[in-house]
Amino acid sequence: VDSESPDGGSFTYAAAGSYRASLLISAGNCPARIEKTVFVEALPQPTLDSIIPICEDEETTLDPGVFASYEWSDGSTNSTLLIREAGNYSVTVTNEAGCTATAQSIVSIEQEVSSSYSYVIQPGDFSTIIDFENITPNATSYLWDFGDGNTSTEAAPSHEYVDIDPFFGSVFNVCLTAFNSCSSEQYCELI
């Protein structure tokens, strides 16, 4: 160890690859040089989805890829982790060169949908517009069947009914089917 490099001399390379390194040692007027090719290993890159929704009473397996070793946030060291509960999970992986990296996932439990709606009728002379309010929790997509041959995938559509008999009225069976990745449910009401 000399006075110019008291830590023994070190250098950090920005990327993996082969590099030619040289060390110059001098004692007075007598320099000595050592040259060597060094290979800097790439960091492992574990892959986990950042957010993973699972259905109630179901499970999923976290699999970060193939590495030399694994250490999960629960202390296990298997290559995969079986998940049955919501929570934050992480894994630190080590490749053959001893380099480490960490990845994490947030697992959430997705609730089943419970389809329902309300509506407001706006009568007119020869048509009626109905504004539908979707009050379905936990849904991610929708299919409305207005009972007159028309449909919509909007969350809260308005629909115009034409040729409604103003004296005897008309009845339409309006159905909302709500979906998420775990379930679907249909709710129908005569309007």
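**Salt bridges and surface patches**

Guide: Arg 84 forms a salt bridge with Glu 59, and their closest N and O atoms lie 3.0 Å apart; a salt bridge here is a side-chain nitrogen of Lys or Arg within 4 Å of a carboxyl oxygen of Asp or Glu. The pair links distant parts of the chain, with Arg 84 in the loop between β6 (81-83) and β7 (87-94) and Glu 59 in the loop between β3 and β4, 25 residues apart. Strands are DSSP runs of E with at least two residues, numbered from the N terminus.

Visitor: What should I know about the model and the numbering?

Guide: This is a predicted model, in which local features need pLDDT of at least 70 and side-chain atom pairs count only at pLDDT 80 or more, while totals for chains, interfaces and linings use all residues. Residues are numbered from 1 along each chain as its sequence is written, and side-chain values use heavy atoms, with hydrogens and water left out.

Visitor: Back to that pair, how exposed is Arg 84, and how exposed is Glu 59?

Guide: Arg 84 is exposed, because its relative accessible area is 55%, whereas Glu 59 counts as partly exposed at 45%. Buried means under 20% relative accessible area, exposed over 50% and partly exposed in between, with a 1.4 Å probe and protein chains only.

Visitor: How many salt bridges does the structure hold?

Guide: The structure holds two salt bridges. Arg 20 also forms one with Glu 35, the closest N and O atoms being 3.4 Å apart, and this pair joins strand β1 (residues 17-27), where Arg 20 sits, to strand β2, which holds Glu 35, 15 residues apart. Arg 20 counts as exposed at 54% relative accessibility, and Glu 35 is partly exposed at 43%.

Visitor: Changing topic, where is Asn 180, and is it buried or exposed?

Guide: Asn 180 lies in the loop between β14 (173-179) and β15 (184-190), and it counts as buried because its relative accessibility is 9%. Its side chain reaches the backbone nitrogen of Cys 182 at 2.8 Å and that of Ser 183 at 2.8 Å.

Visitor: And which residues form the negative surface patch?

Guide: Glu 56, Asp 57, Glu 58, Glu 112 and Glu 185 form it; patches are made of residues with over 30% relative accessible area and no salt bridge, with like charges joined within 9 Å and nonpolar side chains (Val, Leu, Ile, Met, Phe, Trp, Tyr) within 5 Å. Glu 56 is in the loop between β3 (51-55) and β4 (60-62).

Conventions: Accessible areas come from the Shrake-Rupley method with a 1.4 Å probe; for residues, only the protein chains shown count as cover. Lys and Arg count as positive and Asp and Glu as negative; His and the chain ends are not counted. The place of a charge is taken as NZ of Lys, CZ of Arg, CG of Asp or CD of Glu. Helices (H or I, at least four residues) and strands (E, at least two) are DSSP runs, numbered from the N terminus. A polar contact is a pair of N or O atoms within 3.5 Å; within protein, one must be able to donate a hydrogen and the other to accept it, and residues adjacent in sequence count only if both atoms are side-chain atoms.
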